[in-house]
Amino acid sequence: MEDRFKYGVSLYSFTEDFGSVMSIEEGFDHIADTGATGIEILGETHVTGYPTPDKAWLDRWFGLLDRTGLEPTNMCSWVDTKLRLGQSLSVEEGAAELTRDLTLAHQLGFKFLRPKFGVISADLVPDPIWAPAVERVLDLAHKLNIVICPEIHSPTPINHPVVHGYIDFIERTGTKNFALLIDTGIFQDRPLKSWVHEVPEGDSDHAKLINGMKVNPEELVGIAPYIAFIQAKFHHIDDNLHDENIPWEKVMPVLKRIGYTGYLSSEYEGVREPWVAIDQVRRQHVLLRRLEAACDAVPA
Amino acid sequence: MYEFQLIQSTGFRNHGPEGARDGVEVRLRLPNYRGMRLSLLDGIDVTLDGEFFSHEVTSLILGGTVYDLAAMRDATTVRWAMGEHASVLVPKPGGLLPGIHHVKVAALVRSPYFPPHLQPLPVHGERLATIVLP
């Protein structure tokens, strides 16, 4: 049915497995076996030879897509504004990073590109080159049929100057090639039980990141027209199929109500151990599909 | 494929000519979940059996080239790719005796999308590892 969500998985979910106990072939197989139709990757992690993979790797990539029937969804990239100590990237250099990744994403068949810009403040305001740099590549994105989507990610909530800035940019340029990616970690409303993150204890954002931002899912209503992609971030689903951190029973009905029909791309980010994520992703797919079926069973 | 731990078992060895060792190599997997340009790495602290070597004196062997801290900071076009090993070269005349040693590393990684006060952040590894040859 056309008004159903699409289900995908990000290879990022398998961060603790990939490269030591899991190859890209096995990653594809684990994703395909969930019944997902889409695969999301990180360019710098999962593309051997990034940003210019050789023919052998490209053959392997397209062979895996053929064999599993998965479609490329979103490719994650970075604009490393602080590549050098003491001198940030210029607008031209930022645009060149975006061009590099748009080109690769297109070559691999992706429809979305998530660039992560360097920031200039503790509350994660992106380097101001983001707007002119993106503006310079909008024509290329249009030509390649790719939507560039910055992610709205904890500790940045929906109602925040950064998000307002992205929306103003979309309105000002009228572009169809720049939109928002929502990371469902912003809806986390219960603390993480076991999590060792890069952010040290005592940091101002530590409590937010551990206890959750608790953004009200109803806030999605106000930004609905700008949402292009959803990373279904989660941390732990217990043996009773209960998510301990993300209130899916509140998130899914709102996504239905605003008419979202894009991807829910699983992004597991739990304990830093191998062999955990594969089944966690399977659990999430059962949980999300059940909730969607329950939403669909209620007459509109 | 990598060994799971940051500090790899294989590749932990003495450096320099046999009989005139001038250092120790500690082989690492990429200390990040994404491949990165080498200038985002701000050196690697190493502690061998309690003896501390600052990131200002260690260097990194990547793809056959040796980078000291200044060279690393300049390496904006060199990539440490996912799947690729690199070895920290610790200046320790005589090297280490064959046997089991306590090894600690802190790779200082700058992630431009993290708040400025969290750059760089140390990525830690600690284990017992074995030197086979003198």
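1. UniProt, in an unreviewed entry, lists residues 3-113 of chain B as "domain: C-glycoside deglycosidase beta subunit". In the structure shown here, which is a predicted model, that span is 5% helix and 43% strand, and the C-alpha atoms at its ends lie 28 Å apart.

2. Within chain B, strand 9 (residues 86-91) deserves a separate comment. Five of its six residues are buried, so strand 9 of chain B is largely enclosed by the rest of the structure. Strand 2 (residues 23-28) of chain B pairs with strand 9 of chain B in the antiparallel sense over six bridges, and in this pairing G23(B) stands opposite P91(B). Strand 6 (residues 59-62) of chain B also runs antiparallel to strand 9 of chain B and is joined to it by three bridges, with S87(B) as the bridge partner of I61(B).

3. Turning to chain A, the model contains an open sheet of nine strands in the order 5-4-3-2-1-9-8-7-6, with parallel pairing. Strand 5 (147-148) and strand 6 (151-152) of chain A stand at the edges and have a single partner strand each, so one side of each is left without a neighbour in the sheet.

4. Further inside that order, strand 1 (residues 6-10) and strand 9 (residues 263-268) of chain A pair in the parallel sense over four bridges. For K6(A), the bridge partner in strand 9 of chain A is Y263(A).

5. Helix 1 (residues 24-32) of chain A has I24(A), G27(A), F28(A) and I31(A) as buried residues. These residues cover an arc of only 100 degrees around the axis, which means that they are on the same side of helix 1 of chain A. The elements that cover the buried residues of this helix include strand 1, strand 2 (38-42), helix 2 (43-46) and helix 3 (55-68) of chain A.

6. A further point concerns the second largest pocket, whose volume is about 340 Å³. Its lining comprises 23 residues, and those nearest its centre are F18(A), T45(A), T48(A), M82(B) and G83(B). Helix 2 and helix 3 of chain A, together with strand 8 (79-80) of chain B, each supply at least two residues of this lining, and helix 2 of chain A gives the most, with three residues.

Notes: Residues numbered from 1 in each chain as written. Chains lettered and ligands numbered in written order. Predicted model: local features only at pLDDT ≥ 70, side-chain atom pairs only at ≥ 80, totals over all residues. Heavy atoms only, no water. Pairing = 2+ DSSP bridges. Buried < 20%, exposed > 50% of the residue type's maximum accessible area, 1.4 Å probe, protein only. Arc of directions from axis to C-beta. Contact = heavy atoms within 4.5 Å. UniProt positions renumbered as here; feature names shortened; annotations may be inferred. 1 Å grid on protein atoms, 1.4 Å probe; cavity = no way out; pocket = protein on both sides within 12 Å on 5 of 7 lines; lining within 4 Å. Points joined across faces, edges and corners; volume = space filled by probe spheres on them.
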